[in-house]
Amino acid sequence: MAFSDEFKIWVLFICLVSQLGHGFYLPGSYPHKYVVGDTLSVKVNSITSVETEIPFSYYSLPFCKPEEGVKDSAENLGELLVGDRIENSPYRFKMNTNESGIFLCQTKPLSNEEFRLMKKRIDEMYQVNVILDNLPAIRYTKKDDFYLRWTGYPVGIKVQEKYYVFNHLKFTVLVHKYEETNVAGVMGTGDAAEMIPTVGNSGPGIPGYMVVGFEVIPCSFQHNAASVKKLKTYGKYPSGIKCEPTTVAMAINENEPVAFSYEVSFVESDIKWPSRWDAYLKMEGAKVHWFSILNSLMVITFLAGIVLVIFLRTVRRDLTRYEELDKEAQAQMNEELSGWKLVVADVFRAPSNPTLLCVMVGDGVQILGMAVVTILFAALGFMSPASRGTLLTGMLFFYMFLGIAAGYVAVCLWRTIFCGNQKGWVSVAWRVACFFPGIAFLILTTLNFLLWGSHSTGAIPFSLFVVLILLWFCISVPLTLIGGYFGAKAPHIEYPVRTNQIPREIPAQNYPSWLLVLGAGTLPFGTLFIELFFIMSSIWLGRVYYVFGFLFVVLILLVVVCAEVSLVLTYMHLCVEDYKWWWKSFFASGSVAIYIFLYSINYLVFDLKSLNGPVSATLYLGYSLFMVLAIMLATGTVGFLSSFWFVHYLFSSVKLD
């Protein structure tokens, strides 16, 4: 290969990295260039409600269907898992061509079942989600002196015991005009912009448009029965349709049809294509939230710093005082020693249920590694909200491939506990590969039966179940066993002191040690409870979560605080001659999961007050339990590994023979 060719490749690579570093949308969300008259196809997603959290297919209700038939759009694994079902719709626009009074269809007379279903969906406040050029339709409602933003529009509304359907939609499409032969000027950058492909039939120099906004106003309009009979799909309604969102007219009744229509207008906007998601990412009162979060971070960092300084000074003082004694003085003080020095022959005694501990630590390493890598990639812009399902898909694949780390750590810890014995490492690695995924599979299968029974699109299809099981046993399990193999071959950690055959009796304690362990989770919880509110809102209230950079900082802070809390608790237990620190160090930081679960219940009671039905509550609690289990394993692993390092360092720094 010539030097010039290599140079061009490196320039191309650097330009691409530069684009990614500036937060440019990644493959799957390139700008589409349209010229006047190009067809714009609107897609529909599952209808959703914050009152039930159970999504359903758009065509489960008697809406108009496209003439060519209903077709599913290409979906990734993450979209299927979260219940997205993106399908084509009968709505058709022509770029920069305003149209009004476009008739879609008139349904058949509503059967008793369809009528009851429509009323139920209206009572449950279901929202219709439509998409244009990968942008969800956004709706604005005025309250007092400010506007509220919503994605989608309600199926209908109930007024004085009568049910009305929103059967006329007023769409507004915001477009950005440009005439450049490439999109460099529009994208706001001059680096390698000409390499971005455009979609459309326009040639160089022909004026084109990009979709930068999509708004909808739903209306309830009573069509004239005689006029509707003469119209075909996309026909022009003879009289004007006045869209008044504050009034309703189209009441639904059993054995009566419903007519649907729409209008669309195009408005040129100064919004550039990379900024078109800003309307979806804005938060009301953002400054208050940010100041509150920063204040919490400062307080937690200050407290953690004080704890760390005091802790290190205490340990250093003990070590210094002991090492300054000569051998004769040491012998004289042997009977007067107290605290952690007295458990030297028991501190590395194997814990109860060592296999379970190794398995949980291995799974914790895998979950924590997946969280770090996923959040880092999301913070760098690789998992934009414009790419639906990418975040969940990335989490799944990162988790599977990190099975190598899980198997390695679990087997290494197993061999360390049993002083280098390799016997049983296959069983340990196999249990690591099946413990957390098995519990997750059990929880998701139980919840899936509830969704299947409700005929929800949130139910995982049987074919996807088969795919997930194949990914589990064909990728995750083998990688975990490979990691275990390397762990069995790697040198184990040597204990710095010997362990007596007869265990030492632990003195009676003034307070239950597990009470202190459970209370230790409050400090890690304080680092993330505000961020947890935003995450919960994005999951259960349909808001877009996008501050992954800040989430990454919170994750690092959480890891530091978990390590410090566990170190302090371990040292306190050793000082009172309690050498059973293994499990306590794990749950000292892992107990944060208890407070997260309690917070989840609090969120259900006070923030999801409208959530109704036992199925919805069961789904919420089931997914919360799954999340809490993952957090417990990850934070507990941080606490245990940091405590293990500290205990090993502490007893390797002194000579107590």
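The accessible surface of the protein, computed on a predicted model, amounts to about 32200 Å², and carbon and sulfur atoms contribute 63% of this area. Of the 657 residues in the protein, 49% are buried. The secondary structure comprises 19 helices and 14 strands.

Two sets of strand pairings were examined. An open sheet is formed by four strands in the order E2-E1-E5-E6, with antiparallel pairing. Its edges are strand E2 (87–94) and strand E6 (135–136), each of which pairs on one side only. Within this sheet, strand E1 (residues 39–44) is joined to E2 by five bridges in the antiparallel sense. Val-44 has Glu-87 of E2 as its bridge partner.

A further antiparallel pairing links strand E12 (residues 168–178) to E13 over 11 bridges. In this pair, Leu-174 is placed opposite Gly-213 of E13. Strand E13 (residues 208–219) is largely enclosed by the rest of the structure, because 10 of its 12 residues are buried. In a regular strand, side chains alternate between the two faces of the sheet.

Rolling a probe the size of a water molecule over the atoms shows where empty space is left. Four cavities of 30 Å³ or more were found in the model, and the largest cavity has a volume of about 60 Å³. The lining of the largest cavity consists of Tyr-58, Phe-63, Cys-64, Pro-90, Tyr-91, Leu-104, Tyr-153, Phe-166, Leu-169 and Phe-260. By class, this lining has 10 nonpolar residues, with no polar and no charged residues. Two of the lining residues, Pro-90 and Tyr-91, fall within the range of edge strand E2 (87–94), while Leu-169 falls within that of strand E12 (residues 168–178).

A lysine in a helix was considered next. Lys-584 is located in helix H17 (residues 582–590). With a relative accessibility of 9%, Lys-584 lies under the 20% cut-off and therefore counts as buried. When residues up to four places away in sequence are not counted, Lys-584 touches Ser-513, Trp-514, Val-517, His-573 and Asp-578. The C-alpha atoms of Lys-584 and Thr-570 are 7.5 Å apart in space, and the two residues are 14 residues apart in sequence.

Definitions and conventions:
Residues are numbered from 1 along each chain as its sequence is written. This is a predicted model: local features need pLDDT of at least 70, side-chain atom pairs count only at pLDDT 80 or more; totals for chains, interfaces and linings use all residues. Side-chain values use heavy atoms; hydrogens and water are left out. On a 1 Å grid over the protein atoms alone, a cavity is a set of points where a 1.4 Å probe fits but cannot get out, and a pocket is an open set with protein on both sides within 12 Å along at least five of seven lines; lining residues have an atom within 4 Å of a point. Grid points are joined across faces, edges and corners, and a volume is the space filled by probe spheres set on the points. Ala, Val, Leu, Ile, Met, Phe, Trp, Tyr, Cys and Pro count as nonpolar, Asp, Glu, Lys and Arg as charged, and the others, Gly among them, as polar. Buried means under 20% relative accessible area, exposed over 50%, partly exposed in between (1.4 Å probe, protein chains only). Two strands pair if DSSP finds at least two bridges between them. Accessible areas come from the Shrake-Rupley method with a 1.4 Å probe; for residues, only the protein chains shown count as cover. Contact means heavy atoms within 4.5 Å.
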